[in-house]
Amino acid sequence: MAIPIWLLPSEVAVRRPVDGDFSGEYEEQPTTISNVRFDRAEALARRDWVLEEGAQGVLYVDAVNSGGAFEIPAGSLLSIDGGEWATASKVTPYRIEADVHHWEVEVR
């Protein structure tokens, strides 16, 4: 069962790290994933959700209903709904048997 699309109101632009001569290089053109959800750290704290210190919140990417979904590599740059660029600090896939159901991406 997928995350219902009405719970996925946002989109994220992703710039993945690339190997280059210098560290800290990213893809020039971002890849967009539609139908994602971002919950801010303040909202999660009210539900006793524990994030790493400095985290802005959690991005949810559904394997079925998020358009263009892929596992975002940790260290990628993210712009959620056209906002400031942030960093994907931790990526956790959640599986049902062998298949990925969704990814939870901790955003800094």
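Student: How much of strand 6 is covered, and how many of its residues are buried?

Tutor: Strand 6 is mostly covered, with seven of its nine residues buried, where buried means under 20% relative accessible area, exposed over 50% and partly exposed in between, using a 1.4 Å probe and protein chains only. Strands are DSSP runs of E with at least two residues, numbered from the N terminus. This is a predicted model, in which local features need pLDDT of at least 70 and side-chain atom pairs count only at pLDDT 80 or more, while totals for chains, interfaces and linings use all residues. Residues are numbered from 1 along each chain as its sequence is written, and side-chain values use heavy atoms, with hydrogens and water left out.

Student: Which strands pair with strand 6?

Tutor: Strand 3 pairs with strand 6 in the antiparallel sense over six bridges, and strand 5, also antiparallel to strand 6, is joined to it by eight bridges; two strands count as paired if DSSP finds at least two bridges between them.

Student: What stands opposite E104, then?

Tutor: Y60 stands opposite E104 in strand 6, and the C-alpha atoms of E104 and V58 are separated by 6.3 Å, although these two residues are 46 apart along the chain.

Student: Why does E104 count as buried?

Tutor: E104 counts as buried because its relative accessibility is 12%.

Student: And which side chain of opposite charge is nearest to E104?

Tutor: That is K90, 8.5 Å away, and E104 has no salt bridge, meaning a side-chain nitrogen of Lys or Arg within 4 Å of a carboxyl oxygen of Asp or Glu. For charge, Lys and Arg count as positive and Asp and Glu as negative, while His and the chain ends are not counted. K90 itself stands opposite E106 in strand 6.

Student: Switching topic, which residues have the most contacts inside the largest nonpolar core?

Tutor: They are V12, I33, L59, I72 and L78, in a core of 17 residues, a nonpolar core being a set of buried Ala, Val, Leu, Ile, Met, Phe, Trp, Tyr and Cys residues joined through side-chain atoms within 4.5 Å. Among the elements that give two or more residues to this core are strand 3 (57-62) and strand 6 (99-107).

Notes: Helix = DSSP H or I, 4+ residues; strand = E, 2+ residues; numbered from the N terminus.
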